[in-house]
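Welcome, and thanks for taking a look. Please keep the model open while you read, so that each contact can be checked on screen.

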Amino acid sequence: MQSSIWFQTLDESQLRLLAASDPLPKTADVAIIGAGMIGLATAYYLSLAGVSNLCILDRDTALAEASGANAGGLWFSQQSPELGPLAPLAKVSSRLYDELAVRFPAGIRRTGLLELGANEEWMHAALQAGFRAQRVDAAALRRLEPALTEQPAGAVFYPDDGQVHPAKLGAALVAHLKNSGVRFCLHTEVSSAGLHLETARGGIDAGVTVIASGAWTPIVTRALGWRPPIKPMRGQLLATPARSPFLRHTIVGPRYYYWQLAEGPIAGGGTVEDAGFERGTNPADLASIREEMNALLPALADAPTACAWSGFRPYCEDLKPVIGRVPGHDRLYVAAGHFKKGIMLAPVTGKILADLITTAQTDLPIGPLDPARFPGGRR
Ligand SMILES: Cc1cc2nc3c(=O)[nH]c(=O)nc-3n(C[C@H](O)[C@H](O)[C@H](O)COP(=O)(O)OP(=O)(O)OC[C@H]3O[C@@H](n4cnc5c(N)ncnc54)[C@H](O)[C@@H]3O)c2cc1C
């Protein structure tokens, strides 16, 4: 399980939920490989669509990898320019997060985001995509976020962006899914994917299989003769001990980003490293995060770093996730490669998969995400 600040701010019952495993069933209507946020969201929307007899398999606990190691950023507006034609999916996901926030008390907060400096191009792209964004000058910035040093000349303000506590949302989803009869087979590595899955604990036959294995997806799909060009892109984050309310918004600085958890710690970072599956953090990167953090938020200069961690973003070479049917396999689906946006896009991804599996179609614009754009799987 992750050592991230998210797990350190869970209670014992939430930690137990994420690690509680069921016996492996012999069959499942739908088997999902991966208990990250994409696998959990897929199970949630499938169960809402009336699919029962669902089984989620993971070789570790739920949220053990990227989905428990991220920044929890719901930065739909600020990130929308990077999504380009996929911005409509971000809008749907944002709306689905509003619904989830009503159903699950999972720390989903629309705190607003301040991007320091003047990224006017992005601001206009966000506005054009129908998101709210506004330029604020230095005086307005000081009023909005008094904790910031006086140096920034201004910022772009995205009032609708916010944060989720991914481990609290994950634990709430697991509790709900378990109550709905979904089985969680954890510490169960899938060695052969398909409609018959081989695992270290035995075999299971599935009506439909969904591969939601994050950065490990090409390894899981290898035996199917198809490997999407997805690879790990490591990111490091750190957090201070808890303190009283201090930072009101998410702050995006020149190199890294920062936010305060509702539980008190200030967290930040977000390196992007092509370092393979090398786990851990390194002192030089953490020092660089602290240097910017202390410069922007001088009151933190004396605060120790209470914890630091890293995770593997599933990076797809064309920067778009791969969602849909595995080429050449009728009842096999894949949902992976969300890179920096897998938490944001988890609900819409789950909804797309549920639509495709239960009705063989979706109204959502998923053409650019089609796995068949990588026919031979290029790795
Ligand atoms: C530092 C950092 C910051 C980030 N910040 C944000 C952010 O602010 N907002 C945002 O939207 N996104 C963010 N992300 C990205 C986001 O975390 C990912 O896109 C998302 O979590 C991917 O979810 P996933 O379920 O596809 O993958 P994962 O969470 O990695 O889950 C994959 C699961 O598959 C399991 N698995 C793999 N192989 C097998 C096998 N053979 N058998 C069984 N199980 C297997 C793994 O154990 C794992 O649990 C960040 C990521 C990092 C690392």
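Which residues does L96 touch, not counting residues up to four places away in sequence? The model is a predicted one, and in it L96 touches Y45, P347, V348 and K351.

L96 sits in helix α5. With a relative accessibility of 4%, the L96 residue counts as buried. For a sense of scale, the C-alpha atoms of L96 and P265 are 27 Å apart in space, and the two residues are 169 apart in sequence.

L96 also takes part in a helix-helix contact. Helix α3, residues 37-48, packs with α5 at an angle of about 80°, and their axes are 14 Å apart. The two helices are therefore roughly perpendicular to each other. On the α3 side the contact has Y44, Y45 and L48, which meet L96, L100 and R103 in α5. Sorted by type, the residues of this contact divide into five nonpolar, no polar and one charged.

Two packed helices are described by the angle between their axes and the distance between the axes. For helix α4 (residues 76-83) and helix α5 (residues 87-103), the axes come within 9 Å and cross at roughly 155°. Angles over 145 degrees count as roughly antiparallel, and that makes α4 roughly antiparallel to α5.

The crossing of α4 past α5 is right-handed. From α4 the contact takes F76, S80 and L83, and from α5 it takes A87, A90, S93, S94 and Y97. Five of these residues are nonpolar, three are polar and none is charged.

## Where α2 meets α8

Another helix pair to look at is α2 (residues 12-19) with α8 (residues 166-179): their axes come within 9 Å and cross at roughly 65°. Here α2 passes α8 in a left-handed crossing.

Q14, L17 and L18 make the contact from α2, while α8 brings A167, K168, G170, A171, V174, A175 and K178. The split by type is six nonpolar, two polar and two charged.

## Aromatic pairs around W216

How many aromatic pairs does the structure hold? There are 10 aromatic pairs. One of them is W216 with F277, a stacked pair with 5.0 Å centre to centre and 20° between the planes. W216 lies in the loop between β11 (202-211) and α9 (217-221), and F277 lies in the loop between β15 (265-269) and α10 (283-296), so the pair ties together parts that are 61 residues apart in sequence. W216 counts as buried, at 13% relative accessibility. F277, by contrast, is partly exposed, with a relative accessible area of 36%.

W216 also forms an edge-to-face pair with F312, at 6.0 Å centre to centre and 80° between the planes. Elsewhere, ring pairs link W6, W75, Y257 and W259 into a cluster.

## C185 in strand β8

C185 lies in strand β8, which covers residues 183-185. Is C185 buried or exposed? At 0% relative accessibility, C185 counts as buried.

Beyond its neighbours within four places in sequence, C185 is in contact with S21, D22, P23, L24, P25, C55, I56, L57, D58 and R201. One of these, L24, has its C-alpha atom 5.9 Å from that of C185, although the two residues are 161 apart along the chain.

## Two positive phi values

H187 has a phi near 50°, a positive value in a residue other than glycine. H187 is placed in the loop between β8 and β9 (190-192), and at 49% relative accessibility it counts as partly exposed.

F339 has a positive phi of about 50° although it is not a glycine. Its place is in the loop between β18 (332-336) and α11 (346-359). At 15% relative accessibility, F339 counts as buried.

Terms used:
Residues numbered from 1 in each chain as written. Predicted model: local features only at pLDDT ≥ 70, side-chain atom pairs only at ≥ 80, totals over all residues. Heavy atoms only, no water. Axes fitted to C-alpha atoms, helices over the stretch in contact; angles between N-to-C directions. Helix = DSSP H or I, 4+ residues; strand = E, 2+ residues; numbered from the N terminus. Parallel < 35°, antiparallel > 145°, perpendicular 65-115°, else oblique. Left-handed = near helix turned anticlockwise from the far one by under 90°. Contact = heavy atoms within 4.5 Å. Nonpolar A, V, L, I, M, F, W, Y, C, P; charged D, E, K, R; others polar. Phe/Tyr/Trp six-rings, centres within 6.5 Å; stacked < 30°, edge-to-face > 60°. Buried < 20%, exposed > 50% of the residue type's maximum accessible area, 1.4 Å probe, protein only.
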